[in-house]
Amino acid sequence: MTEHTFSIIKPDATRRNLTGKVNAVIEDAGLRIVAQRRIKMSRAQAEKFYEVHSERPFFGELVDFMTSAPVVVQVLEGDNAVARYREVMGATNPAQAADGTIRKLFAESVGENSVHGSDSLENAQLEIAQFFSADDIVG
Ligand code: GDP
C-alpha cells in the first residue's frame with residue numbers, strides 16, 4: 001500500500017553537509033521525497049515533537065540537539081513507506097545499525113543519529129501535520 005511517512009535530516013547531518021547524501025540513500029531505496037523544507041526548529045516545536053520522550057533522562061539533551069542547527073523536514077512516499085524507511089534508517093544506535101543504512105553510513109552516536117522516521121502510520125500522519133499542510137505535499 002502506498003503510504004506517506006515523516007522524515008527529519010537531523011542537525012549532525014545538515015552540519016556536515018550530508019543532506020544530498022542522505023537523500024540519495026532515500027531515493028535509491030525507492031522512496032520519493034514529496035515535500036521537503038529546511039527549518040530551524042524552535043524549542044517549542046522540538047519539545048512537542050518529542051513529547052513522548054519528555055520523562056526520559058536524555059530529553060533535555062535531545063531538545064538541545066534538535067535545535068542546535070537547521071534540520072530538513074520531509075514527507076516520503078512509497079510502498080509501505082513507514083516500515084521501509086525504518087529499514088533504510090537502521091537501528092537507533094549506529095553501532096547496531098545494519099550495513100548500508102543511513103545511520104550506519106553517517107550517524108555519530110545514539111543521540112546524534114542523522115535521521116528521524118515515523119514509527120507507525122498514525123504517528124506519521126500526526127508528525128506530517130505538525131510541519132506540513134496538504135498543499136505542500138506534491139506526489
Ligand atoms: P528512533 O525511533 O530510532 O529515532 O529512536 P527513539 O524513538 O527510541 O528515540 C528518539 C530519539 O531520541 C533518537 O533517534 C535519538 O536521537 C534520541 N535518543 C534515543 N536514545 C538516546 C540516548 O540514550 N541518549 C541520547 N542523547 N539521545 C537518545
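**Ligand site and largest pocket**

The ligand sits in the largest pocket, where sitting requires more than half of the ligand atoms to lie within 2 Å of the grid points of the pocket. A pocket is an open set of points on a 1 Å grid over the protein atoms alone, where a 1.4 Å probe fits, with protein on both sides within 12 Å along at least five of seven lines, and lining residues have an atom within 4 Å of a point. The model is predicted, so that local features need pLDDT of at least 70 and side-chain atom pairs pLDDT 80 or more, whereas totals for chains, interfaces and linings use all residues. Residues are numbered from 1 along each chain, and side-chain values use heavy atoms, without hydrogens or water.

Residues around the ligand (a heavy atom within 4 Å) include Lys10, His53, Phe58, Arg86 and Asn113. Among the polar contacts (N or O atoms within 3.5 Å), a polar side-chain atom of Glu61 lies 2.8 Å from a ligand nitrogen atom, and one of Thr92 lies 2.6 Å from a ligand oxygen atom. A polar backbone atom of Gly111 is 2.8 Å from an oxygen atom of the ligand. Taken alone, the ligand exposes 550 Å² (Shrake-Rupley method, 1.4 Å probe), of which the protein buries 79%.

The largest pocket holds about 820 Å³ of space, a volume filled by probe spheres set on the grid points. Of its 29 lining residues, Tyr50, Val52, His53, Leu62 and His116 are the closest to the centre. Helix α7 (a DSSP run of H or I, at least four residues) gives the most to this lining, with 4 residues.

Note on methods. Polar contact = N/O pair within 3.5 Å; in protein donor to acceptor, adjacent residues only side chain to side chain. Helix = DSSP H or I, 4+ residues; strand = E, 2+ residues; numbered from the N terminus.
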